[in-house]
Amino acid sequence: MNEPERRTVLALTDAELATWREAHRKGEAASALPYGMEELERDGTHVIGPSHAVGGPIRKGFDVWSHRVGLPMEPAVRGITAARRADAILCALEQHARALSAIAGVPGSPYRRRPVIALTCWLAEELRHLDARDAVALVERYAAVDRFVFWSRNQRQIYLDAGISAERLIDVQYGVDTRYYTGDPGARRTIPLLTVGQDRGRDYPTLWTAIRGTDIVVDVVCPPHRLAPGAPPANVTLHGAVGHRRYAQLLREAAIVVVPTHELAYPTGQSVALEAAASGACVVVAGTVPMREYFTDGVDGFLYEPGDPESLRDAILRATVSSDRTLIARAGQGHARERWSTARMWADIVSALDETGIAI
């Protein structure tokens, strides 16, 4: 019997794959590859990265070029050689898809002859704030992308309205490493309330207003310069940035993890929310349109109205006093293992790609 053909995927990311694998081996990264791409390797696909990073004047030249165009050009250029032996290109995230598209039109470029799949996070949010002409111009910067993968169904119409055809769109639910993030929901937890995150979707001002003047104590993991302007209330304990190992431990120690976010087109905050759920914490999240595709109030978490401090305070208090909190945390953990794992996410992506004629 012939062995199935082994396929090769070139991954363009912010990380050097060898460095990431080593960090994982030391327990300093959850997954063996960014976004759990190692799940592809469990089915026989070989995931490779660009050639080794360069230094000296060449690196300086890349830095100047990248600064001028506002894109990380180095991985896409260094990936040209590896692309010649790849069956498909996987870009994570938008910036690498745009960098690839910027050089894909060069005669002889291997990027022109291989399927390009882009994991996207904030593209739909950008598009919904543009007029039709500017939206078309932005989409054209992704001309080399054959399939856009995104993590909430509500974004589909935004992409369609911007002129991206339906066959190029793949929506799946986000996945986290549920082998790394784990814990007993019923165990004694020493941190009453924890919040983590520093991306642009975080809404710390609403959290500060919600807890100011109360006896609610919150531990915050975020570099101080990434917090909103203005001092947090006295009942906030700042931890700054922590390593991955410590972060996972904090999730296991937290009874409740609150993820305060703005209403955006994508499910901002989903990484922390799902990792917390997988770790057995009870999760309080903003009930944004995309996040409601993940959590249901009173079933596997507690939801509040985005931007509403009173609603957030109420959700925190409900989670604090609920006799069903452990049951809700167990439900969240069960859903994480069933629906929100990297294994499930990549299985869904591979299946959707296969249906459209792309095999990875």
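**Close-up views of a predicted model**

**View 1. Helix α14 and its two sides.** On one side of α14, Asp354 and Glu355 are exposed, where exposed means over 50% relative accessible area, buried under 20% and partly exposed in between, with a 1.4 Å probe and protein chains only. The model is predicted, so local features need pLDDT of at least 70 and side-chain atom pairs count only at pLDDT 80 or more, whereas totals for chains, interfaces and linings use all residues. Residues are numbered from 1 along each chain as its sequence is written, and side-chain values use heavy atoms, with hydrogens and water left out. The buried residues of α14 are Thr342, Met345, Trp346, Ile349, Ala352 and Leu353; seen down the axis of α14, they fall within an arc of 125° and so line one face of the helix, the arc being that of the directions from the helix axis to the C-beta atoms. These buried residues pack against α2 (38-42), β3 (88-92), β4 (116-119), β5 (147-150) and β6 (169-171), with contact meaning heavy atoms within 4.5 Å. Helices (H or I, at least four residues) and strands (E, at least two) are DSSP runs, numbered from the N terminus.

**View 2. Phe295 in the largest nonpolar core.** The largest nonpolar core has 58 residues, and Phe295 is among those with the most contacts inside it, together with Leu119, Trp151, Leu194 and Val257; such a core is a set of buried Ala, Val, Leu, Ile, Met, Phe, Trp, Tyr and Cys residues joined through side-chain atoms within 4.5 Å. Helix α11 (residues 270-278) supplies the largest share of this core, 6 residues. Not counting residues up to four places away in sequence, Phe295 touches residues including Ala273, Leu274, Ala277 and Trp340.

**View 3. Asp297 in its loop.** Asp297 is found in the loop between β11 (282-286) and β12 (302-304), and at 34% relative accessibility it counts as partly exposed. The side chains of Asp297 and Arg318 are joined by a polar contact of 3.3 Å, that is, a pair of N or O atoms within 3.5 Å, of which, within protein, one must be able to donate a hydrogen and the other to accept it, residues adjacent in sequence counting only if both atoms are side-chain atoms.

**View 4. The salt bridge of Asp87 and Arg7.** Asp87 forms a salt bridge with Arg7, the closest N and O atoms being 3.9 Å apart, where the term requires a side-chain nitrogen of Lys or Arg within 4 Å of a carboxyl oxygen of Asp or Glu. The pair links distant parts of the chain, 80 residues apart.
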